[in-house]
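Here is a friendly walk through the terms used for this protein. Each question asks what stands behind a label, and each answer sets a value beside its cut-off.

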Amino acid sequence: MKGKILLTCIAVVSLLTGCGGHTHTFESTFSHDEEFHWRNATCEHKNEKADLGPHTFNEDFECTICHYKPFAEVTYCISKVEKRTVKDYLKDIVKIPTFVAELFPETLVFKKYELLYKSTDLEGTEQIMSSSLTIPYIDDEACITGFVVDSHPTLTDLDECPTHRWDKYLINCLPGNAVFQCDLMGFGTQSDKISDYHCKHLLERNTADGMLAAFDFIEDFYDISCEDLPQYNVGYSQGGYSSLAFLRYMETDATEEEKERIKIKHTYSGSGAYDINVMFNTCIEIEDFQYCHYLIKGILTTHEYHPDAYGSIKVEDYLTDYGKQFLQPLINKDNNALQAVLNAVDKDGKKLYTGPRSVFVDEYYSNPDSELRKAVTRACEYENLLDNKWLPSGELTMYYSPCDTMVTPECSKKAEKLFGELDNVEFVVADEEDHIDHQDYGTVFYVSVLLELLTDKIFDF
């Protein structure tokens, strides 16, 4: 029809706000990057954006607003970003030496990303994993001169996974390094899985996949190749075991791509349970809820992934009636329910939890030859690093204290006996005579690693 104009250009939406009487117009479709989405201006003011905001992802990891599907384009997804100043970071750290705090400039800021990436479980099923990637900034410029994969020092409930909190020790690994910490299968985005440090096969796979995703992210966002940076492998306490397990994986079982891109320069492993059996025996002696429920969870984990070691043995047969109350909350990863079990009282108001003896029947607690104890030992052999079959070829420094309140010297002595003849392994013993709290020793470990990393970089120049 004459006079009728058919508009074939892109659809636009008018907003009633503008400049000098001008009304901006915007595209109806969204543009996006890995963090944000927006609608571009179609008028002459090209710098204007409408509906700028962060992505909100549904269960299928598709943005509910712009329909961006990150895993269709890249190997990672950014679901959350946080910032902290160095003063914010240091204020909660107890007993950190003043000279260490003074190593960090006033303008130092940390930017922590929650990085999601793809990995697989033991059955080979694809899973979306979560991790924490912290980048240091100085004077508003990213300062990335190295890369640290830091195995989390403790991970016994959801609130302790890296994406749920800022780790107070993490700063001690940051002299210009990007620091990566992955949640493990059973935490973060995969809280339905029962697994943690006991299952080193998941730990290794999830960590390697996460590191490669972090490398891609840093390359895309910061134009820095992590393959060209010095890479360090660090872990304390349970993370000490994890760092050693990851070192072993990289030296014995890594894929060709992992070997090509992940090149660990040095591993620093502190106060770790290098022998899982010893760790179980240690946990059962500690009258603390954290270690007791960790012990039960560890048994459930090994039972799930190494059922042949258990045969027809039922874990619940070795728990008291009170102990059985722990099972469902642990399976469900329900921290509130776990706390309720811990605080439960009898009809006279007396607390039911009095340590492992109130949870395990006497046969398990007192008899190392009980069928369940033997089954746990068999299952742990699958996870044991100290099987006299592997000797590290990479540079490894192991820290431990014979008087650490949690980790017995037996663990480290076994490792020292196994690795002690190697030129590439150094053992550092702290406080040989003085009693030292496990958490305080963690500060000693991370400060020592910090100074070693700084020294390493100084001598690299």
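Q: What makes strand S12 (residues 231-236) largely enclosed by the rest of the structure?
A: Six of the six residues of S12 are buried, so the strand is largely enclosed. Buried means under 20% relative accessible area, exposed over 50%, and partly exposed in between (1.4 Å probe, protein chains only). Both faces are covered: Gln231, Asn233 and Gly235 are buried on one side, and Tyr232, Val234 and Tyr236 on the other. Please keep in mind that this is a predicted model, where local features need pLDDT of at least 70 and side-chain atom pairs count only at pLDDT 80 or more, while totals for chains, interfaces and linings use all residues. Residues are numbered from 1 along each chain as its sequence is written, and side-chain values use heavy atoms, with hydrogens and water left out.

Q: How do you know that S12 pairs with strand S10 (residues 146-151), and with strand S13 (residues 264-270)?
A: Two strands pair if DSSP finds at least two bridges between them. S10 and S12 share five bridges in the parallel sense, and Ser151 stands opposite Gly235. S12 and S13 share six bridges, also parallel, with Tyr236 opposite Gly270. Strands here are DSSP runs (E, at least two residues), as are helices (H or I, at least four), and both are numbered from the N terminus.

Q: What makes the buried residues of helix H12 (residues 409-419) line one face?
A: They are Cys411, Ser412, Ala415, Leu418 and Phe419. Seen down the axis of H12, these residues fall within an arc of 125°, so they line one face of the helix. The arc is that of the directions from the helix axis to the C-beta atoms.

Q: How many disulfides does the rule give?
A: A disulfide is a covalent bond between the sulfur atoms of two cysteines. The rule asks for a pair of cysteine sulfur atoms within 2.5 Å, and by it the count comes to zero. As for burial, Cys43 has a relative accessible area of 8% and is therefore buried, and Cys226, at 0%, also counts as buried.

Q: Why is the link between the side chains of His37 and His55 called a polar contact?
A: A polar contact is a pair of N or O atoms within 3.5 Å; within protein, one must be able to donate a hydrogen and the other to accept it, and residues adjacent in sequence count only if both atoms are side-chain atoms. The contact between His37 and His55 is 3.2 Å, so it falls within that limit. His37 sits in strand S4 (residues 36-40) and, with a relative accessible area of 2%, is buried.

Q: What makes strands S3 (31-32) and S5 (49-54) the edges of their sheet?
A: The open sheet has three strands in the order S3-S4-S5, with antiparallel pairing. S3 and S5 each have a single partner strand, so one side of each is left without a neighbour in the sheet. S3 and S4 pair over two bridges, and Trp38 in S4 is the bridge partner of Ser31.
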